Structure formats: structure tokens, C-alpha cells
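Thanks for coming, everyone. I have one structure to walk through today. Please take a look at it before I start.

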Amino acid sequence: MSGPAATDVRLAPQDAPGEVARLISYVALLAVSAGLFAEAWAIPVSRFETLGAGAFPMLVHGVLMLLLAGAAIGSLRRLPAGAWTAFAAAAGHWVRTRRLVIVVFACLALYLATMPVVGYPLATLAFLAVLQVTLAPKTRTAIAISLVLALLFSFGLNWLFAEVFNVFLPRGR
């Protein structure tokens with residue numbers, strides 16, 4: 001017998017970090033799909049239809065959970081010895097090489113969390129100032145331009161929306 005069924009299913013050690021990451025993504029998606037299945041289960045059934053509005057999402061997420069469980073089991077079977085150690089080393093390197101992307105997402109999360117509290121102008125000013133100063137060249141001219149742009153896009157856009165469009169952006173508490 002030839003083909004994939006006749007060969008060893010384990011991966012080479014250099015492919016182990018990718019397979020561990022794939023396994024983690026399968027498990028995370030399985031958890032999300034299970035949560036969405038539970039949400040679809042909680043949708044009340046109408047008296048006009050026997051299946052209810054949650055039937056199709058439950059079907060989709062049920063099939064998706066089965067596929068993800070099968071993929072996770074297959075991924076577990078392919079893991080070579082020492083795969084988790086190799087993944088930890090590769091994950092550290094991955095985080096170091098993508099630190100600016102992680103900083104941008106952390107700033108975005110902080111921005112979205114603080115906007116309802118302090119309002120659009122202050123949250124946007126801080127968000128844009130920190131990101132632009134972090135990502136721009138470290139010269140006085142670049143920092144000055146970054147701060148002017150942060151002021152313009154925070155308080156200027158707030159003024160434009162309030163006075164011209166009569167749309168009020170979040171003011172905070």
C-alpha cells in the first residue's frame with residue numbers, strides 16, 4: 001500500500017512548532033464553536049416553526065465541532081517528541097519579531113476600553129500620540145508632527161462631527 005496511509009504520520013522535528021500552533025488553533029476554534037452552539041441552543045423556539053431559529057446555527061457548529069475534533073486528534077497524532085519545547089522556543093522568537101504588531105493591538109485594546117470612560121477626544125489623542133511616537137522616527141520634527149496630527153485627529157474630528165455633522169462622538173463619563 002502506498003500513499004499517506006502507508007507512511008509514518010509523525011512530522012519532522014523542525015515542523016513541530018507549526019503543528020503545535022495548529023493544534024492550539026483547532027482547540028481554540030472548537031471552544032468558540034461550542035460556545036456559539038450553546039448560544040444557538042438558547043434561542044427560543046417559535047410556535048410557528050418546529051425547528052426554530054437556532055437549528056441551522058446548531059447544525060453548522062455541530063458539524064464544525066466534529067471536524068475540529070477530528071483535526072485536533074489528527075494533529076495530536078502527528079506531533080513528534082519534544083514538540084511542545086520546540087513550540088515554546090519558536091513562540092518566544094515569534095513574539096520578539098512581531099513585538100510592534102503586538103504593541104499596536106495592545107494599544108488598540110486599551111483605546112477601546114478607555115474610550116467609554118474618558119471620551120473620544122482624550123482616548124484618541126493618547127492612542128494616536130503613543131502609536132505615532134512609537135512607530136515614527138525618533139527626531140524632534142517627527143515627534144512634533146505626530147503630536148500635531150494626534151491633536152488634529154482627536155479634537156479636530158470631534159469638533160467637525162459635533163459642529164458640522166451634528167453627530168456626537170463618545171464623551172466619556
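Start with Glu-19. Is Glu-19 buried or exposed? Its relative accessibility is 2%, and because buried means under 20%, Glu-19 counts as buried. Keep in mind that this is a predicted model, so treat every value here as computed from that prediction.

Where does Glu-19 sit? It is in helix H1. What does Glu-19 touch, leaving aside neighbours within four places in sequence? The contacts are Leu-11, Ser-75, Arg-78 and Leu-79.

Stay with H1. Helix H1 covers residues 16–41, and helix H3 covers residues 83–97. These two helices pack with their axes 8 Å apart. The angle is about 90°. Therefore H1 runs roughly perpendicular to H3.

Which residues make that contact? On the H1 side, you have Ala-16, Pro-17, Val-20, Ala-21, Leu-23 and Ile-24. On the H3 side, you have Ala-83, Trp-84, Ala-86, Phe-87 and Ala-90. By class, the contact has 11 nonpolar residues. It has no polar and no charged ones.

Now zoom out to the domains. The protein chain is divided into domain 1, residues 4–97, and domain 2, residues 99–163. How far apart are the C-alpha centres of domain 1 and domain 2? They lie 36 Å apart.

Next, the record. UniProt, in an unreviewed entry, lists residues 26–170 as "domain: DUF1468". In the model, residues 26–170 are 79% helix and 0% strand. The end C-alpha atoms of that span are 38 Å apart.

The unreviewed UniProt entry also gives the feature "transmembrane region". Residues 55–73 are 100% helix and 0% strand. The end C-alpha atoms there lie 27 Å apart. Residues 102–131 are 97% helix and 0% strand. For that span, the end C-alpha atoms are 12 Å apart.

Last stop, Asn-166. What is the phi of Asn-166? It is positive, about 60°, although this residue is not a glycine. Asn-166 is found in the segment after helix H6, which covers 140–163. Is Asn-166 buried or exposed? Its relative accessible area is 54%, so Asn-166 is exposed.

Over to you for discussion.

How values were computed
Residues numbered from 1 in each chain as written. Predicted model: local features only at pLDDT ≥ 70, side-chain atom pairs only at ≥ 80, totals over all residues. Heavy atoms only, no water. Axes fitted to C-alpha atoms, helices over the stretch in contact; angles between N-to-C directions. Helix = DSSP H or I, 4+ residues; strand = E, 2+ residues; numbered from the N terminus. Parallel < 35°, antiparallel > 145°, perpendicular 65-115°, else oblique. Contact = heavy atoms within 4.5 Å. Nonpolar A, V, L, I, M, F, W, Y, C, P; charged D, E, K, R; others polar. Domains from an automatic or database assignment. Buried < 20%, exposed > 50% of the residue type's maximum accessible area, 1.4 Å probe, protein only. UniProt positions renumbered as here; feature names shortened; annotations may be inferred.
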